[in-house]
Amino acid sequence: MAPGDRQAFGTIAEALGVAQDGQTIAVAPGVYPENLVVERSVAIVAEQGPGTVRCAGPAGVTVVAPARLHGLVLTGATDGAPLLRVLGGTTEVSECEFLAGRIDLEGEAAARITGCRISSAPMVGLHLTGSSRGVLESSVITAIDGTGVVISDSAQLAMADSQIRSTRGSGLRVRGRGRAQAEECEISRTGRSGVLVEDAGSVIMRGCRIERAGTEGLRILGSSPITESSVPDAEATGVVLNDCVIEKAVGDGILAGSGEIRLSDCRVEGTGRSGLVAAGDSALTLENCVLDRLAGTGVVARDKAQLQFVDGAVRRSGGNGFFLSGASGARLSEVRVEKATFSAVCAGDSATIDVVDLSVLETPEHGLHLKGKANGRVRAGLVRGAGLCGVQTEGDAELDLSGTEVDRCAVGIALAARAKATVEKAVVGESERSAVQIGPGATATLREVRVRRAGTAGIVLEKDARGTVDDCRIEGAGGSGLVVWTGARPVVTGLTVRDTTKNGIFVGDGAAGTYENCDISASGFPALHVGKKATPKVSGCRIHDTEADLSQDEDAAPDFAEITISNVEASTIPAAAVRKRVGARAEKAVRASAGPSESELGVDITPGEEPEESLDELREKLTGLIGLEQVKADVSAMVKLMQMVRRRQEAGLAAPPLNRHLVFAGNPGTGKTTVARLYGGLLARLGVLEKGHLVEADRGALVGSYVGHTAPKTEAVFRKALGGVLFLDEAYSLSPPGQSNDFGQEAIVTLMKLMEDHRDEIVVIVAGYSNEMASFLNSNPGLGSRFSRTLQFVDYSSEELVEIVELQARHHQYEITPATRAALVTYFDAHPRNTGFGNGRVSRQLFQLMTERQAARLADLDLAVASAEELQRIEPADLPPHSI
């Protein structure tokens, strides 16, 4: 038949029998129950469009030469025969439908399948064998009673914009040396693995989605090594996924038992088991990948598998974030683990893990946990919010950790392993309990470790532990800074410990070690404690700004040398061991809120010293205080009563019953501390008190942090105030509402007993806001009877606040002009007088702002020619525009 000729035939087979190469067979609508063999390069097309021609031969269609099929529906194959069998040449198949049968590509055949649908086939939908080549574009393979696509031998298939779904077996299976390349494809609802790779197969996927696999999303039992090609993706081998999503697999997201796998910019989400499992001798590389919402562990490595994970995250895993066992290894760089159900990273057996810039956020167990004979190397990173330990080692695990921050964990770093552990340049902050623990019998090296605000001890060496603590710093520990238990013998050099609730260094019973060039300050208990039969060697250390330098038990045998002591009230370190001793620690007031200074109120008394003024001079200073008229009258009346009592005693008459303890109620800044200090001085001049000095304290000075700590603290403060006045600011904080078990109640009971035992040796003044003080007095049945009266310190009027500003101005050689004074009255009238109004403090702060604003106003003047009057004068313009 010549090209362009049209002839009619009864069957397709008849037309094939006479058709010449290059001709087209246009098939009229209908059902053609015939087997077809295409041996020439012809085209068979449905004349009236796709779906109008049904080829229903039991042996299907066999193509042995280049051909084109378009718009046909193939069905009717029996006994597992393929609907389309391509044995040679290159076949173009477009807009065809294959019902209840598969397509086979065999030998060296090639086929391009475009816009087709393969459904309801037994065993497999599309099968490539030999060295065949296939292209699948914009097609759907669905409802397969077996595997969607199988690629065997050295066959290759390129898929684009296609779907494989609803298969009873795997979606895509590549075995032998087969190769699949898929772009923007979807594999979903498979009965088994979404993608299965075996032997030396290769799968290259980009922008694909594997969803709802019945077992694993991607399973690799073997693969070709990953190779790159100068022709993009043409001959690349291995298992490589880029920008793909594996979601809602019933089993693991990825399971690799062998082979080499690389994933980049991929997501694994919502798996029924682990996100990724690397087993056998597999080698996986992940770059910029995220594993999220996983029912099991995020990443598992076992056997001899090797894993490299760069710039990614594991979130919300139902097990560990990472779990390594066997002889596996992992290298993690810039990886984030969030909200793991178990430990964020756990390695056991003889696994090795190398970490750079790891971030762990929120885990109820450990941030990093090494056990067995695991080996871990960690460089930089953050572990925050671990419910157990930020970092823990045990067994024979080894750890080399550097440059890492461990924050807000129950325990910062716990090193219980018998093997080597080194922690260097780490920061451990705000641990709930101890910051660093070296477990019983363990050995560890700590170098340049910074501990901040540990809940209990800063660094602890447990029984028989060995360790080196070099150039470390502990600050703000809720217990002791460094704790060394029985049998422990650390080498401690250059340690700085400051602001601890208990001892700076605690050396327990039978402990030892050397402590060189350490600096200890501001400890709540003695800077050093040495237990029974402990034999520490302490040399070249500095102890300063603390109450006591040493406490030791009987049979303690410390060896001191070249110790420098400064600002220590009670020093018991042997004089022969002291290299230098400087001063005594200045008494420091402990106040939660400060009132106006004495200079603001026209008084000049040095805190902590007994006033030297006479009785009349002190009365004059009391009278000269700005405002406080009722308070001054009440104090004067009490002083007169004390004078009368004194005279009756001198006359041999009985004294009336007295209760000298007072309540000062009012807002901050109303002069309560100043009046208390003057009151003590007046009673001392009358001979009622021995010294009349003032000791200020608040809740923190009285209340301890553990059972048995509060009573001794309260008693120590009380005894310091004997002979004078104990001024307890914000006293109501000792009885917080709704906290019946608070240690503050113990402080109240202790204070009441001491007040009774020493009723003639001290005056106790409790101070705070008016309403809260009333509740405080009612918090204990016997508390109210201990205090004779309440003095109300009312807020200053605007005129009185202006007077305080004027006092400040005179003291600092400034002039308040009449116009400025009038503006000040207006300013204070407009200032809100709510709860907690600062009173005298407001005046002081305002004066400071006015001087700053005056300086800014005059900044552009030539100060060399400015008059003294200009430099002194405060103008109305120097007031700030808004209230402070």
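**Close-up 1. Ser 202, a buried residue in strand E24.** With a relative accessible area of 2%, Ser 202 is buried in this predicted model. Its place is in strand E24, which spans residues 202-206. Setting aside neighbours within four places in sequence, look for the residues that Ser 202 contacts: Val 174, Gly 178, Arg 179, Ala 180, Val 197, Ser 224, Thr 237 and Gly 238.

Close-up 2. Asp 199 has a relative accessibility of 52%, so it counts as exposed. The backbone is worth a glance too: phi of Asp 199 is near 55°, a positive value in a residue other than glycine. For background, most residues other than glycine have a negative phi.

Close-up 3. Asp 311 is not a glycine, yet its phi is positive, at about 55°. This residue is found in strand E36, made of residues 306-317. Asp 311 counts as partly exposed because its relative accessibility is 38%.

**Close-up 4. Ser 139, in the loop between strands E16 and E17.** The loop that holds Ser 139 runs between strand E16 (133-137) and strand E17 (140-151). At 2% relative accessibility, Ser 139 counts as buried. Which residues does Ser 139 touch, not counting those up to four places away in sequence? They are Ile 113, Thr 114, Gly 115, Cys 116, Asp 161, Ser 162 and Gln 163.

Close-up 5. Strand E42 covers residues 375-386 and includes Gly 381. Gly 381 has 18% relative accessibility and therefore counts as buried. Leaving out neighbours within four places in sequence, Gly 381 is in contact with Asp 357, Leu 358, Gly 403, Thr 404 and Glu 405. To get your bearings, note that Glu 216 is 165 residues away along the chain, and that 32 Å separates its C-alpha atom from that of Gly 381.

**Close-up 6. Ser 566, buried in strand E65.** Ser 566 lies in strand E65, which is formed by residues 563-570. Its relative accessibility of 8% makes Ser 566 a buried residue. Beyond the residues up to four places away in sequence, Ser 566 touches Arg 542, Ile 543, His 544, Asp 545 and Val 582.

**Close-up 7. Helices H2 and H4, roughly antiparallel to each other.** Helix H2 (residues 615-623) and helix H4 (residues 672-685) have axes that come within 9 Å and cross at roughly 155°. An angle over 145 degrees counts as roughly antiparallel, and H2 and H4 are therefore described that way. The crossing of H2 past H4 is left-handed. On the H2 side, Leu 615, Leu 618, Arg 619, Lys 621 and Leu 622 meet Leu 678, Gly 681, Leu 682 and Arg 685 of H4. Sorted by class, this contact has 5 nonpolar, 1 polar and 3 charged residues.

**Close-up 8. Helix H7 and the elements that cover it.** Helix H7 is made of 15 residues, 743-757. From first C-alpha to last, H7 reaches 22 Å, close to the 21 Å expected at 1.5 Å a residue. Which residues of H7 are buried? They are Gly 744, Ala 747, Ile 748, Thr 750, Leu 751, Met 752, Leu 754 and Met 755. As a guide to reading the view, an α-helix has 3.6 residues a turn, so residues three or four places apart point the same way. The cover over the buried residues of H7 includes helix H5 (699-702), helix H6 (710-721), strand E69 (725-729), strand E70 (763-768) and helix H8 (770-777).

**Close-up 9. Helices H10 and H11, an oblique pair.** The axes of helix H10 (residues 818-830) and helix H11 (residues 840-858) come within 13 Å, crossing at roughly 130°. That angle makes H10 oblique to H11. H10 passes H11 in a right-handed crossing. H10 brings Thr 820, Leu 824, Tyr 827 and Phe 828 to the contact, and H11 brings Val 842, Ser 843, Leu 846 and Met 850. By class, the contact of H10 with H11 has 6 nonpolar and 2 polar residues, with no charged ones.

Notes:
Residues are numbered from 1 along each chain as its sequence is written. This is a predicted model: local features need pLDDT of at least 70, side-chain atom pairs count only at pLDDT 80 or more; totals for chains, interfaces and linings use all residues. Side-chain values use heavy atoms; hydrogens and water are left out. Axes are lines fitted to C-alpha atoms, for helices over the stretch in contact, and angles run from 0 to 180 degrees between N-to-C directions. Helices (H or I, at least four residues) and strands (E, at least two) are DSSP runs, numbered from the N terminus. Angles under 35 degrees count as roughly parallel, over 145 as roughly antiparallel, 65 to 115 as roughly perpendicular and the rest as oblique. A crossing is left-handed if the near helix is turned anticlockwise from the far one by less than a right angle, and right-handed if clockwise. Contact means heavy atoms within 4.5 Å. Ala, Val, Leu, Ile, Met, Phe, Trp, Tyr, Cys and Pro count as nonpolar, Asp, Glu, Lys and Arg as charged, and the others, Gly among them, as polar. The expected span of a helix is 1.5 Å times one less than its number of residues. Buried means under 20% relative accessible area, exposed over 50%, partly exposed in between (1.4 Å probe, protein chains only).
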